[in-house]
Amino acid sequence: MTHPFPRRRLLVPAATILLAGCATSPQPALYTIAMVPGDARAGGPRVVVVQAVVLASYLERQSIVRSSENYRLDVMSNEWWGEPLAAMLGRVLVDELGQRLPASSVLSESGGISASPNATVELNVQHLDKDASGALILQAQAGVAIKGRGAPLLRSFRIAVPTPTPDTAGQVAATSTAVGQLADGLAALLLSAPASR
């Protein structure tokens, strides 16, 4: 009869190796999209509610997507968004629209404050990554509905921003610029919605 202790001694080094591997895994680098100021404009609906941002499924991940070119998803394995991307985009757009439309109270649909909106903003983000040239591409569809006025205004956006550096920090900086340009376009929609006839 063999003694079980030799087998246990073999298991201990294996467990030690696994724990050592976990301990040496680098901490992920976390990134956030920065609010980019724009021109403040007079007018606008009194209360604007930004509804939940809907992402293309390939963007619904913690890791930052570098590119979706050439039928291949290039994902940064250890470089993550610091919060869910849809929530972060919504938060930044609320800040940017509030800065651009100082006469409006801009709220998030998912926030802690509820109010009857005079206007709502809906957004589908279809692309948010780099193209083959290295430029950051933000492609989105937006709908702006204003209470008491005609059918919602629908607009497609395709914004290309050169990345200042080729690394992830450069991509996130370009993303911040692109989202600021998107906020400029949404603010213009909120100011130009035609009255119904």
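Hi everyone, a word on conventions before the tour. Because this is a predicted model, local features need pLDDT of at least 70 and side-chain atom pairs count only at pLDDT 80 or more, while totals for chains, interfaces and linings use all residues. Residues are numbered from 1 along each chain as its sequence is written, and side-chain values use heavy atoms, with hydrogens and water left out.

Let's start with the core. A nonpolar core here is a set of buried Ala, Val, Leu, Ile, Met, Phe, Trp, Tyr and Cys residues joined through side-chain atoms within 4.5 Å. Buried means under 20% relative accessible area, exposed means over 50%, and partly exposed is in between, with a 1.4 Å probe and protein chains only. The largest such core has 45 residues, and Leu85, Leu89, Val125 and Leu186 have the most contacts inside it. Several elements each supply at least two residues of this core, including strand 2 (47-50), strand 7 (119-130), strand 8 (136-146) and helix 3 (168-192). Helix 3 gives the most, with 10 residues. For the element names, helices (H or I, at least four residues) and strands (E, at least two) are DSSP runs, numbered from the N terminus.

Which residues does leucine 89 touch, leaving aside those up to four places away in sequence? They are Ile33, Val53, Leu55, Val125, Leu128 and Val179, where contact means heavy atoms within 4.5 Å.

On a 1 Å grid over the protein atoms alone, a cavity is a set of points where a 1.4 Å probe fits but cannot get out; a pocket is an open set with protein on both sides within 12 Å along at least five of seven lines; lining residues have an atom within 4 Å of a point. Grid points are joined across faces, edges and corners, and a volume is the space filled by probe spheres set on the points.

A search of the whole structure finds two cavities of 30 Å³ or more.

Now for the largest pocket, with about 180 Å³ of space. It is lined by 13 residues, and Ala87, Gly90, Arg91, Ser108 and Ser110 are the closest to its centre. Its lining divides into six nonpolar, four polar and three charged residues. Helix 2 (residues 85-100) provides the largest share, six residues.

On to the strands. Strand 4 has five of its five residues buried. Strand 4 and strand 5 pair in the antiparallel sense over three bridges, where pairing requires that DSSP finds at least two bridges between the strands. Serine 67 has aspartate 74, in strand 5, as its bridge partner. Strand 5 also pairs with strand 1 (residues 29-31), this time in the parallel sense over three bridges, and there alanine 29 is partnered with glutamate 79.

The hairpin of strand 4 and strand 5 has six residues between the strands. Asparagine 70 has a positive phi of about 55° although it is not a glycine, and tyrosine 71, also not a glycine, has one of about 60°. Asparagine 70 is exposed at 63% relative accessible area, and tyrosine 71 is exposed at 91%.

The C-alpha atoms of glutamate 109 and glutamine 51 are separated by 5.0 Å, with the two residues 58 apart along the chain. Beyond four places in sequence, glutamate 109 touches Val49, Val50, Gln51 and Ala52.

Terms used:
Nonpolar A, V, L, I, M, F, W, Y, C, P; charged D, E, K, R; others polar.
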